[in-house]
Amino acid sequence: MAICDSNYCFRVIDVGSYGKESDCNVFKTSAFGKKLYTNRTNFPANQCLPNDNLGVPQPFVLVADEAFALHKNLLRPFPGRSLNDQRRIFNYRLSRARQYIECSFGIMSKKWRVFQTSMLVEPETAVKITKACCVLHNFV
């Protein structure tokens, strides 16, 4: 589980959860997820968007998929298939923003080929390898 920025750098990672757990449960039990859902994150204060004529301050948000629970600092797509045009456009733009995390993992797995096959190491070693690759990915 990871959070990345628009430069494909990992900002928050949580490594070591079981593969059978859902993304939402992994996130809720992670240190960052607990802080987010108890409103103890250190996000900047709400700010007005550029060129916003109304001047309504907006919160800083994370972009997630439909597996995550809705929160004031977490955007997820509208559910369902019969959506009006505004909601469909919102979902499309949100999916474009979510591509950064998908591409971050893709770039990292191409850079560090250890992720191309199963790791034949102890789980603790696999966690260390994954964390090290995330740090090196950001550095390189």
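In this predicted model, Ser-95 sits in helix H3, which covers residues 85–111. Its relative accessibility is 24%, so Ser-95 counts as partly exposed. The C-alpha atom of Ser-95 is separated by 26 Å from that of Asn-53, a residue 42 positions away along the chain.

Helix H3 also holds Asn-91, and for this residue the relative accessibility is 14%, which means that Asn-91 counts as buried, the limit being under 20%. Once the neighbours within four places in sequence are left aside, Asn-91 is in contact with Pro-77, Phe-78 and Leu-83.

A further feature of helix H3 is a charged pair. Side chains of opposite charge can pair when their charged atoms come close. Here Asp-85 forms a salt bridge with Arg-88, and the closest N and O atoms are 3.0 Å apart. Because the two residues are three positions apart in helix H3, about one helical turn separates Asp-85 from Arg-88. Asp-85 has a relative accessibility of 53% and therefore counts as exposed, whereas Arg-88, at 42%, counts as partly exposed.

How many salt bridges does the count come to? The count is two, and the pairs are Asp-85 with Arg-88 and Arg-11 with Asp-5, where the closest N and O atoms are 2.6 Å apart. In this second pair Arg-11 counts as exposed because its relative accessibility is 55%, while Asp-5 is buried, since its relative accessible area is 18%.

Strand E1, residues 2–4, and strand E2, residues 10–13, run antiparallel and are joined by three bridges. One of the residues involved is Cys-4, whose bridge partner in E2 is Phe-10. Together E1 and E2 form a hairpin with five residues between them, and in the turn Tyr-8 has a positive phi of about 65 degrees.

Towards the other end of the numbering, Val-140 has its place in the segment after helix H4, which spans residues 123–139. Is Val-140 buried or exposed? It counts as exposed, because its relative accessibility is 65%. With Leu-136 and Phe-139, Val-140 forms a nonpolar patch on the surface, and the accessible area of these residues together is about 370 Å².

The layout of the whole chain can now be set around these details. The secondary structure comes to four helices and four strands, and from the N terminus on the elements follow the order β-β-α-α-β-β-α-α. Taken along the principal axes, the C-alpha atoms fill a box of roughly 55 × 35 × 30 Å. Of the 140 residues, 23% count as buried, and the protein exposes about 10,200 Å², of which carbon and sulfur atoms supply 54%. Among the contacts with a separation of 6 or more, 43% are accounted for by residues 24 or more positions apart.

In an unreviewed entry, UniProt lists residues 2–138 as "domain: DDE Tnp4". Over residues 2–138 the chain is 42% helix and 8% strand, and the C-alpha atoms at the ends of this range are 13 Å apart.

Conventions:
Residues are numbered from 1 along each chain as its sequence is written. This is a predicted model: local features need pLDDT of at least 70, side-chain atom pairs count only at pLDDT 80 or more; totals for chains, interfaces and linings use all residues. Side-chain values use heavy atoms; hydrogens and water are left out. Patches are made of residues with over 30% relative accessible area and no salt bridge: like charges are joined within 9 Å, nonpolar side chains (Val, Leu, Ile, Met, Phe, Trp, Tyr) within 5 Å. Accessible areas come from the Shrake-Rupley method with a 1.4 Å probe; for residues, only the protein chains shown count as cover. A salt bridge is a side-chain nitrogen of Lys or Arg within 4 Å of a carboxyl oxygen of Asp or Glu. Buried means under 20% relative accessible area, exposed over 50%, partly exposed in between (1.4 Å probe, protein chains only). Two strands pair if DSSP finds at least two bridges between them. UniProt positions are given in the numbering used here, feature names are shortened, and annotations may be inferred rather than shown by experiment. Contact means heavy atoms within 4.5 Å.
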